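User: Hi, I'm new to this one. Could you walk me through it?
Analyst: Happy to. Here it is.

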Amino acid sequence: MTILLTTLNARYAHASLGLRYLLANMGALQAQTQLHEFVIGARSTDVVEKILGYRQEGEKLIVGFGVYIWNVVEITQIVAVLKRVAPEVVIVLGGPEVSHETGDQEIIRLADYVITGWGDISFPELCAQILNGPQPLMKVHAGKQPPMNDIKLPYQLYTDQDIRHRTLYVEASRGCPFKCEFCLSALDKTAWPFDIDVFLAEMESLYQRGARLFKFVDRTFNLNIKTSLKIMQFFLDKLEAAPHDPVFAHFEVVPDHLPDALKEGIQKFPDGTLQFEIGIQSFNPAVQALISRKQNNDKAAENIRWLTTQSHAHLHVDLIAGLPGETMDSFAQGFNHLVSLKPHEIQFGILKRLRGTPIIRHTEAYQLRFDPQPPYTILANQDIPFTDMQRLVRFARYWDMVANSGRFANTLPVMLADDPFARFMAFSDWIFANTDATHRIALDRLAALVGQWLQLQGMSAADCKTLLASDYAGNAQHQQGSSHKGQNLSQEKGKATPQRQRQHMVA
Ligand code: SF4
């Protein structure tokens, strides 16, 4: 073995699609290539020891690392140790985190080679050069983008173990035609589809092998409606043929584009089988214009309302705090508007400065101050000082625990009353002042704190007890034991729906 593909995934349940693409496209070098995934938090010396276990006497070892915003700090340490103890090992980096601003990154200084952008054919080409010569002259190589039909699909590389225990990431297309300036996909300028029939044949094979949970990473599933309908029909056929053993599919969609044909298809999905991730990011037209995000807000709101009232789809809707031009007040208005549309989850993100994204053009005008360490979260801007940004960060964390968890379904509307943002912010400020914690608050303690808060707002102790009991009485232990953010990937019959979605569906 001469080539090892590796990365650190954020969780064990996340199987790396990128590494599997590289392995599938190694061509003549595939027999000499292996894949080994680690999980964030592993000790760097342990990782290095395992990597060096792949060395074979008299042979060169090339290690290809997939570098992302969530693992760049740890992979930098690993590469540093690796280069100390085995400088002869050839290190090749790839992935979004090393595809831009290559001149000022420590990890790139430490590595031998970097491939920016697409690695599917450039990585095996570079490996062949390293192994057989002539040795590559440049350190940084711009990845070539091949025709989509030339890329071998990687799905057969998901093992039976992956299928049983991990999220299966799949993609029917790459890229995005939109240009939202905070997003790396803004650089794509367009989307490139894979051959849909070839892709669906791969999905069929995964399904036959037992896969029931499919997470599409396409940036905009509903871009080409004909293709979207074909994909949805694939899943509807499976659901019809085996209703007792349902599949679950997750798609990212743009909110203002749901033609009737798509709605008809969506309505056919039963409870617990379909999830949409919808990016709203901001309802503020001035902010949208500043960040080049094109969105028809009325249409988007109408479609979210339609989805929540006329379909069984589980909705996870994204908002971003900290965008240039967004004040606390305008963010609060957007948040309240979104709450009124009643999606199952509101993912409240804080702006990050991803390497290569055009958002930095606003840095001076809007006084954008980002953390220099990954994930480069915004700390302050012209409209939101650091202390308020901190309050927003905590709001997001508590919102996840109380609202997105689905554990306080009856209590939450009482907490939010007629001004969700202001009321929840007051709760967030209070709970932080009283606990000094935003993590590791056990469910029983959280419920007690929520009850205490409601009493401070004037509710009687007896009413609080009844209200909270209606949400989780008798279930606390069980729910506490389940993963909060992660998904229960049980593939038992009828259990494809991730835990959190099930929580919302029964709420
Ligand atoms: S935020 Fe979504 S729509 Fe905008 S560029 Fe990124 S992927 Fe495309």
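User: Are helix 12 and helix 15 roughly parallel or roughly perpendicular to each other?
Analyst: Helix 12 and helix 15 are roughly perpendicular, a label for angles of 65 to 115 degrees. Before we go on: this is a predicted model, where local features need pLDDT of at least 70, side-chain atom pairs count only at pLDDT 80 or more, and totals for chains, interfaces and linings use all residues. Residues are numbered from 1 along each chain as its sequence is written.

User: What angle do those helices pack at, and how far apart are their axes?
Analyst: Helix 12 (residues 328-340) and helix 15 (residues 420-435) pack at about 105°, and their axes are 8 Å apart. Axes are lines fitted to C-alpha atoms, for helices over the stretch in contact, with angles running from 0 to 180 degrees between N-to-C directions. Helices are DSSP runs of H or I with at least four residues, strands are E runs of at least two, and numbering starts at the N terminus.

User: Which residues meet there?
Analyst: Ala 332, Phe 335, Asn 336 and Val 339 of helix 12 meet Pro 420, Phe 421 and Ala 422 of helix 15; contact means C-beta atoms, placed from the backbone, within 7 Å. That contact has 6 nonpolar residues, 1 polar and no charged. Here Ala, Val, Leu, Ile, Met, Phe, Trp, Tyr, Cys and Pro count as nonpolar, Asp, Glu, Lys and Arg as charged, and the others, Gly among them, as polar.

User: Switching topic: in what order do the 6 strands of the open sheet come?
Analyst: The order is 2-1-3-4-5-6, with parallel pairing; strands pair if DSSP finds at least two bridges between them. At the edges are strand 2 (33-39) and strand 6 (140-142), each pairing on one side only.

User: How many bridges join strand 5 to strand 6?
Analyst: There are 3, linking strand 5 (residues 113-116) to strand 6. Ile 115 has His 141 in strand 6 as its bridge partner.

User: And which residues are around the ligand?
Analyst: Among them are Cys 176, Cys 180, Cys 183, Lys 179 and Arg 219; a residue is near if its C-beta atom, placed from the backbone, lies within 6 Å. The shell divides into 6 nonpolar, 3 polar and 2 charged residues.

User: Where is Pro 134?
Analyst: Pro 134 is in the loop between helix 5 (122-132) and strand 6. The peptide bond from Gly 133 to Pro 134 is cis, with omega near -5°.

Definitions and conventions. Parallel < 35°, antiparallel > 145°, perpendicular 65-115°, else oblique. Contact = placed C-beta atoms within 7 Å.
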